[in-house]
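Me: I am new to this structure. Please show me how to read it, feature by feature.

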Amino acid sequence: MDETKLRQMAVMARGDQGYHETEVTISGEADLHRAFVFCDKNPGHKKFISVKKFSVSDLPQEYQDEDIVKYILAQAELTVRIRSTYTSPGRPEGYAFHRHAGKDLQRYGTGFVQYVYRNDVRSGKPCPCPECKASSDPLEEWAKVKVRTATHVVFDDDEARNSVAELFYDAEDEKDKIKSVYGDNVRFGALQGDWCDMRCVTHDMELVEHLKDTWGRWRWLETKINQKYSDDDQARLAVVVSHPHGCDKQVSVGTWRDRQVVDRSREFENCVYTYDTPTCPGSSGAPVWILGKMKWGGFFGRHPHSGWTGSGLQTQGSNVMGLNVTGSSASRVNVSAVGWDKRI
């Protein structure tokens with residue numbers, strides 16, 4: 001099949017996901033760079049900054065704070081490219097990529113490390129990564145890496161087992177630095193809320209220690225920033241770290257527009273955000289950071305990017321993720337998945 005036909009098939013597959021923003025390729029990674037160059041949502045990607053070049057000058061003047069830069073770069077270290085090669089028959093009719101159910105289809109999204117924990121070697125369970133499964137002498141020391149992404153990126157266990165989360169893809173000429181952890185199952189998730197936690201596995205214990213250290217630094221910086229800006233009720237900073245078009249990691253900066261609470265508990269509010277922070281196909285599942293709002297880490301509180309209302313939806317009175325989007329400006333509004341904010 002010629003390349004033109006393959007590109008047409010990829011375009012058709014991209015359109016089979018509604019308002020979501022995964023990237024699709026039929027002909028391999030070369031197609032990702034082609035999609036990046038010919039992107040019609042953000043031509044030229046002028047508002048995306050390479051994670052390697054991101055600095056304090058890329059923030060709005062009122063938030064040009066080195067602690068915020070350090071936090072975003074720590075978040076970037078925990079951000080992964082997700083490569084999934086299979087579409088589950090379990091996807092319901094009308095849902096993203098349902099028409100490809102049971103087929104091999106290479107999709108790219110983004111995710112972020114929520115938590116890392118070692119497996120208890122006393123359990124006697126060998127490492128379940130593909131390498132160890134194929135080995136007659138599998139390793140007994142391994143770890144679980146919980147990656148949060150969007151449900152439409154990794155739908156269920158079948159898709160998780162055909163997915164890889166790739167860390168440190170920060171520059172096109174540094175692919176030799178990429179580290180991979182392997183999807184094993186989906187531990188938690190919500191179809192309506194469009195978030196899921198994919199459990200990945202690895203026996204690279206040096207990587208595990210690095211991630212644990214980074215996670216601790218990331219949480220400490222967020223606590224410090226929240227204390228610093230606790231009285232700033234007007235803060236609207238919204239930052240996304242993602243892999244647009246499945247290519248190297250980028251940071252984009254903007255403002256959040258609306259916040260709708262879905263439900264509440266005594267300590268938390270379950271909510272959805274809209275924002276003008278630039279995103280592209282491949283950004284689905286990326287961490288959306290709202291300054292001052294997200295005050296709890298670990299197992300709670302993280303809003304993955306879900307999609308945008310300019311992608312084939314009626315923008316007058318649309319209902320996306322339970323959020324009513326109205327007005328002519330809605331054509332370019334990005335939408336998060338559901339996440340928990342800690343109530344003050």
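Reply: What follows is a short walk from the whole chain down to single residues. This is a predicted model, in which local features need pLDDT of at least 70, side-chain atom pairs count only at pLDDT 80 or more, and totals for chains, interfaces and linings use all residues. Residues are numbered from 1 along each chain as its sequence is written, and side-chain values use heavy atoms, with hydrogens and water left out.

Me: How many helices and strands does the chain have?

Reply: Helices (H or I, at least four residues) and strands (E, at least two) are DSSP runs, numbered from the N terminus. Here the chain has six helices and 17 strands.

Me: How do I read burial, and what share of the residues is buried?

Reply: Buried means under 20% relative accessible area, exposed over 50%, and partly exposed in between, with a 1.4 Å probe and protein chains only. In this chain of 344 residues, 56% are buried. Areas come from the Shrake-Rupley method with a 1.4 Å probe, and for residues only the protein chains shown count as cover. The accessible surface of the chain is about 15300 Å². Carbon and sulfur atoms hold 48% of that surface.

Me: What do contacts say about the chain?

Reply: A contact means heavy atoms within 4.5 Å. Take the contacts between residues at least 6 apart in sequence: 70% of them join residues at least 24 apart.

Me: Which helices cross, and at what angle?

Reply: Axes are lines fitted to C-alpha atoms, for helices over the stretch in contact, and angles run from 0 to 180 degrees between N-to-C directions. Helix 3 (residues 66–77) and helix 6 (residues 205–228) have axes that come within 9 Å and cross at roughly 145°. The crossing is left-handed: the near helix is turned anticlockwise from the far one by less than a right angle, whereas clockwise would be right-handed.

Me: Which charges sit over rings?

Reply: The test is that NZ of Lys or CZ of Arg is within 6 Å of the ring centre and within 35 degrees of the ring normal. Arginine 236 lies over the face of tryptophan 256, 3.8 Å from the ring centre. Arginine 107 has its charged end over the ring of phenylalanine 97, at 5.4 Å from the centre.

Me: What touches isoleucine 290?

Reply: Leave aside neighbours within four places in sequence. Isoleucine 290 then contacts Leu237, Ala238, Trp256 and Tyr273. Isoleucine 290 sits in strand 12 (residues 287–290). Its relative accessible area is 0%, so it is buried. Its C-alpha is 6.0 Å from that of leucine 237, 53 residues away along the chain.

Me: Is glutamine 106 buried, exposed or partly exposed?

Reply: Its relative accessibility is 23%, so glutamine 106 is partly exposed. Glutamine 106 belongs to strand 4 (residues 104–118). Beyond four places in sequence, glutamine 106 touches residues including Glu23, Gly28 and Arg83. Glutamine 106 and glutamate 23 are 83 residues apart along the chain, with 8.5 Å between their C-alpha atoms.
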